Each structure stands twice: as structure tokens, then as C-alpha cells.
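Here is a friendly walk through the model shown below.

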Amino acid sequence: MSVEALNSPGINIPPELQGQISVTTLDRIYNWSRANSLWPMMFGLACCAIEMMITASSRFDFSRFGMEVMRPSPRQADVMIVSGTVTKKMVPQIVRLYNQMSEPKYVLAMGACASGGGPFKEGYNVVSGIDKFIPVDIYVAGCPPTPAALLHGLIVLQKKIEQEKLSEVEWYRADFQEEIPVPVLGPDLIDLRKYQSIRDVTMAGEPEKKGFTVIIDEVNHE
Ligand code: SF4
């Protein structure tokens, strides 16, 4: 980006200083630097992950957008690309990794499976979208999305970051709740945020007739 591109609209720089100085806002500098140094976390779940790896390779090369450092540690990453089918068995691990990433952090749901369950939506072992458990910023359609589609999703994420305001972002608020309770995989996947509803339905009904997994399924779709 050139120095001129950082200028705030409406500020006139004298001709002799153009290209040498910039007058801008803290928001713009902050957003520009973060949007151009996103570090995705290196993990994949299924076939979509192959397309994600190709996006990092020389032909598509997302290092052109400042994302060359894919981190194997959530502590050093700020973008989680959920690339693949989200099974119930993997959800606790995904939520734990999300919790371990430091703010500000973003989530991109790559493909039909991560966005809504995809071809396995009705499967007994699959959740219908990772957004049931963690907040998703960008959804990329496709089964699988092409590397170009993923690249487009990441560029849209950059544009979203460029619109943020330091005075409004939630991670600087005193009441910000960062941790999401890690779901428990028992007879079925239990979202601890819905514990009370599951308990109420179980106590009111006849769990031995309905079955515990049916009750959890009903609560999850309320
Ligand atoms: S969206 Fe399609 S390609 Fe991606 S993980 Fe699901 S089945 Fe595989």
C-alpha cells in the first residue's frame, strides 16, 4: 500500500510532501496493519483442507496478502479456517483451540460442511455448522470451495477488519466474555451453554422412553 492510500479522506497534503507523509486515524493504521498480517492456524478436518493447502502453495499463494505464516499453535494464530466436515468428536477440540487463540481473532467456515453440515447434515456424527459453537465471520460456499474462493473469502475478511473501530470492538469491553464452554462428548455432544434446557427436558419427560440423544437433539434444534 502506498503512503497516499493511508491518508484520511478530506486531508490535503501539500504537493511537496505528497508520497512522504501521511495523515491518518489510529483506526485506519490499526486495521491496515492487522488486516495485512493475518496468520491462519494450520489445521484441517477433511477434503476442504486439501484446497486450503493448495491456497497456500505457489500457484495461489496467500502470502501475497500477508498470510504466509500458517501457525501450528493457536497462541500465535488469529484466523481459524474451519476446513472440512465438523464431526461431534472434533467439536470439543475445535472450541478448545478457538479459546486458546488470543483476541482479536476471526473464524472462516470453509465449504458446505463447516457452514451447515454439507452432504452429511443429517448424519448422526456430524454437526450442522461450526457456527452452532463458535462465532463465524466469513462463510465460503462450495463443496469444496476452490482455492480462488477461499482467497476471496480471506480478502473479504480483510475488508471487514478494515471497517472495525477501536471504540466499538468487543474485546476491549470490560464485560467481554472470551471463553466458550468446551462441549462434552458423552452419549451425544452436549453444549454446556444449553445444560439447563437439557436438564429441564430430561427431568420433565421420560428419558428412558425417548432416549438421551433424542432429547439433546431436540434442545439443540430449539
Ligand atoms: S464441503 Fe465437500 S469437500 Fe468440503 S469437507 Fe465437506 S464434503 Fe469435503
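Asp61 sits in the loop that links H2 to E1. The model is a predicted one, and in it the phi angle of Asp61 is near 55°, a positive value for a residue that is not glycine. Most residues other than glycine have a negative phi, and most peptide bonds are trans. Is Asp61 exposed, partly exposed or buried? Asp61 has 14 C-beta neighbours inside 10 Å, so it counts as partly exposed. The cut-offs behind this are 20 or more neighbours for buried and 12 or fewer for exposed.

Another loop residue to look at is Gly186, in the loop between strand E4 (184-185) and strand E5 (189-190). Gly186 counts as exposed because it has 10 C-beta neighbours inside 10 Å. In sequence, 97 residues separate Gly186 from Lys89, yet their C-alpha atoms are 9.7 Å apart in space.

**The chain as a whole**

How many helices and strands does the chain have? The count is eight helices and five strands. In sequence order they give the pattern α-α-β-α-β-α-β-α-β-β-α-α-α. Along the principal axes, the C-alpha atoms fill a box of roughly 80 × 45 × 25 Å. Of the 222 residues in the chain, 27% are buried. Among contacts with a separation of 6 or more, 71% are between residues 24 or more positions apart.

**The three-stranded sheet**

Now find the open sheet of three strands, whose order is E1-E2-E3 and whose pairing is parallel. E1 and E3 are its edge strands, and each of them pairs on one side only. On average, neighbouring strands of this sheet are turned by 20° against each other, with direction ignored. Strands of a sheet pair through backbone hydrogen bonds, either parallel or antiparallel.

Strand E1 (residues 79-83) runs parallel to E2, and five bridges join the two. Along this pairing, Val79 faces Tyr106 in E2, and Ile81 stands opposite Leu108 in E2. To get from E1 to E2 the chain passes through helix H3 (residues 91-100), making a right-handed β-α-β crossover.

On the E3 side, E2 pairs with strand E3 (residues 138-140) over three bridges, again in the parallel sense. Here Ala109 is opposite Tyr139 in E3. E2, H4 and E3 together form a right-handed β-α-β unit. Helix H5 lies across E2 and E3, running at about 165° to E3.

How many residues of strand E2 (residues 106-110) are buried? Five of its five residues are, which leaves the strand mostly covered. In a regular strand the side chains alternate between the two faces of the sheet. In E2, Tyr106, Leu108 and Met110 point one way, while Val107 and Ala109 point the other way, and all are buried.

| Peptide bond | Form | Omega | Loop holding the proline |
|---|---|---|---|
| Glu103 to Pro104 | cis | near -5° | Pro104: between H3 and E2 |
| Cys143 to Pro144 | cis | near -10° | Pro144: between E3 and helix H5 (147-162) |

**Around the ligand**

Pro144 and Cys143 turn up again in the shell around the ligand, where they are listed with Ala46, Cys47, Cys48, Gly84, Thr85, Gly111, Ala112, Cys113, Gly118 and Pro119. Two or more residues of this shell come from each of helix H2 (47-56) and helix H4 (111-116). Which element gives the most to the shell? H4 does, with three residues. By type, the shell around the ligand has eight nonpolar residues, four polar ones and no charged ones.

Notes: Residues are numbered from 1 along each chain as its sequence is written. This is a predicted model: local features need pLDDT of at least 70, side-chain atom pairs count only at pLDDT 80 or more; totals for chains, interfaces and linings use all residues. A residue is near a molecule or strand if its C-beta atom, placed from the backbone, lies within 6 Å of it. Helices (H or I, at least four residues) and strands (E, at least two) are DSSP runs, numbered from the N terminus. Ala, Val, Leu, Ile, Met, Phe, Trp, Tyr, Cys and Pro count as nonpolar, Asp, Glu, Lys and Arg as charged, and the others, Gly among them, as polar. Two residues are in contact if their C-beta atoms, placed from the backbone, lie within 7 Å. Two strands pair if DSSP finds at least two bridges between them. A crossover is right-handed if, with the strands pointing away from the viewer, the path from the first strand over the helix to the second runs clockwise. Axes are lines fitted to C-alpha atoms, for helices over the stretch in contact, and angles run from 0 to 180 degrees between N-to-C directions.
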